[in-house]
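Please keep the structure in view while reading.

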Amino acid sequence: MEYLVGIQGRDFVLVASDTVAASSIIAMKHDYDKMFKLSEKILLLCVGEAGDTVQFAEYIQKNVQLYKMRNGYELSPTAAANFTRKNLAEYLRSRTPYHVNMLLAGYDEHDGPALYYLDYLAALAKAPFAAHGYGGFLTLSILDRYYTPDLTREEAIELLKKCLLEIQKRFILNLPTFTVRIIDKDGVHDMEQITMSKI
């Protein structure tokens, strides 16, 4: 039902998520933010069971902030992704597993932009582009066809719009608005929200 997408460019990562909070066949909210800021340059996008997403994402968020307080420096996106994966894997083997799918996007001073794909079985993969949800089935082929590693911001936004138009055209459910953010060397930037009726 939900949709997350991430596209890595030359010196940035563009991420987007739908804003619908649903329970079964009922839409509860249309302004729900599924992105959690882990640090100045790391963003975690989380979808899945309603309670699990907030609880797990906030648990990771607070632990990443605690690490900064204890050590005086922030985790890199790679370290944050591996920390998240380790915790998800440990909970998977407990009586209280979290049913969450995530994208972790960040920027590192040495390694540049990074995008990680995590699923509820604690599989972690670094990817140039990634998507979660039913929308992923409809848009991964578009990303595969049009993605190039040296995308500019404008090209990445156009590619994102291609994906969102495909979802509007072929997905049976209505996802009317999308939150869009860019992560680069200067941190996390809010972009203009994409409303499907206007593109």
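Five strands form an open sheet in the order S5-S6-S7-S8-S9, and their pairing is antiparallel. Strands here are DSSP runs of E with at least two residues, helices are runs of H or I with at least four, and both are numbered from the N terminus; two strands pair if DSSP finds at least two bridges between them. S5 (35-39) and S9 (124-126) are the edge strands; each has a single partner, so one side of each lacks a neighbour in the sheet. From one strand to the next the twist averages 20 degrees.

This is a predicted model: local features need pLDDT of at least 70, side-chain atom pairs count only at pLDDT 80 or more, and totals for chains, interfaces and linings use all residues. Residues are numbered from 1 along each chain as its sequence is written, and side-chain values use heavy atoms, without hydrogens and water.

Within the sheet, S7 (residues 100-108) and S8 (residues 112-118) are joined by seven bridges in the antiparallel sense. Leu 103 is placed opposite Tyr 117 of S8. Helix H1 (residues 50-71) packs on the sheet and touches S5, S6 (42-48) and S7, its direction making about 15 degrees with that of S5. Contact means heavy atoms within 4.5 Å; axes are lines fitted to C-alpha atoms, for helices over the stretch in contact, and angles run from 0 to 180 degrees between N-to-C directions. Helix H2 (residues 77-92) lies across S6, S7, S8 and S9 and runs at about 160 degrees to S7.

Met 1 is located in the segment before strand S1 (4-8). Its relative accessibility is 47%, so Met 1 counts as partly exposed, the class between buried (under 20%) and exposed (over 50%), with a 1.4 Å probe and protein chains only.
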